[in-house]
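This briefing concerns a single protein model and is intended for reading alongside the sequence and coordinates. Please keep both in view while consulting the points that follow.

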Amino acid sequence: MICERLKKFLDERGVAYIVIRHPELFTAQEIAAAMHVHGKELVKVIIVKSGDRYYMCALPASYRVDMEKLKNVLDVKDLRLATEEEFSNLFPDCEVGAMPPFGNLYKMETHVDRVITENKEIVFQAGDHLEAIKMKYSDYVELVRPVVADFAVKIH
């Protein structure tokens, strides 16, 4: 079930979206394959940490974060992937690893890799491991106002 916070946010703003059920899967690549969605359109969320600060990064399923590039983007010296234990309490209404790329709903800066901007539509987990949302990228940008940067590299 999509998280109530996200559903309310989208519905109150009259944004068109489709909820897509899929088998219970845990990796972005598996979800993209099961849903027959191109790996570039399926957005995965990665949480990184610098000091006491967390950042939400949204990138295509078929890419991975380049930590050196991301350090430069965030202008930080130390950066690492946050552990599930560290960030699970930041998303109380989501299953771990199924957070939607809406950092603004969780008082967190959202960074989107530039490759995602090439998509007309994006698909992303909506709070659990069974449902995803498909919506226009232009609507997403208007709602989230993410920082767009180049910080991901294609997985071979």
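The model is predicted. The structure contains 0 disulfides, while the count of salt bridges comes to 11. Strand β8 (residues 131–136) pairs with strand β1 (residues 17–21) and also with strand β7 (residues 121–125).

**Cysteines**

- The number of disulfides in the structure is 0. C57 takes part in no disulfide, and the nearest cysteine sulfur, that of C94, lies 16 Å away.
- C94 is likewise in no disulfide. The cysteine sulfur nearest to that of C94 belongs to C3, at 4.2 Å, whereas the cut-off for a disulfide is 2.5 Å between the sulfur atoms.
- C57 counts as buried, because its relative accessibility is 0%.
- C94 also counts as buried, at a relative accessibility of 12%.

**Salt bridges**

- Side chains of opposite charge can pair when their charged atoms come close. In this model the count of such salt bridges is 11.
- K8 and E12 form a salt bridge in which the closest N and O atoms are 3.8 Å apart. Both residues belong to helix α1 (residues 4–12), and because they are 4 residues apart there, about one helical turn separates them.
- E12 also meets R13 in a salt bridge, with an N to O distance of 3.7 Å.
- K49 is buried, with a relative accessible area of 14%.

**Strand pairing around β8**

- Strands β1 and β8 run antiparallel and are joined by 5 bridges. Within this pairing, the bridge partner of Y17 in β8 is M135.
- Strands β7 and β8 pair in the antiparallel sense, also over 5 bridges. Here the bridge partner of V123 in β8 is K134.
- The hairpin of β7 and β8 has 5 residues between the strands. In this hairpin, G127 takes a positive phi near 115 degrees.

**The loop residue K40**

- Where does K40 lie? K40 is placed in the loop between α2 (28–35) and β2.
- Is K40 buried, partly exposed or exposed? K40 counts as partly exposed, because its relative accessibility is 22% and the cut-off for buried is under 20%.
- K40 and T117 are 77 residues apart along the chain, and their C-alpha atoms are separated by 9.9 Å.
- Leaving aside residues up to four places away in sequence, K40 touches P60, S62, V115, E118 and N119.

Technical notes. Residues are numbered from 1 along each chain as its sequence is written. This is a predicted model: local features need pLDDT of at least 70, side-chain atom pairs count only at pLDDT 80 or more; totals for chains, interfaces and linings use all residues. Side-chain values use heavy atoms; hydrogens and water are left out. Buried means under 20% relative accessible area, exposed over 50%, partly exposed in between (1.4 Å probe, protein chains only). A salt bridge is a side-chain nitrogen of Lys or Arg within 4 Å of a carboxyl oxygen of Asp or Glu. Helices (H or I, at least four residues) and strands (E, at least two) are DSSP runs, numbered from the N terminus. Two strands pair if DSSP finds at least two bridges between them. Contact means heavy atoms within 4.5 Å.
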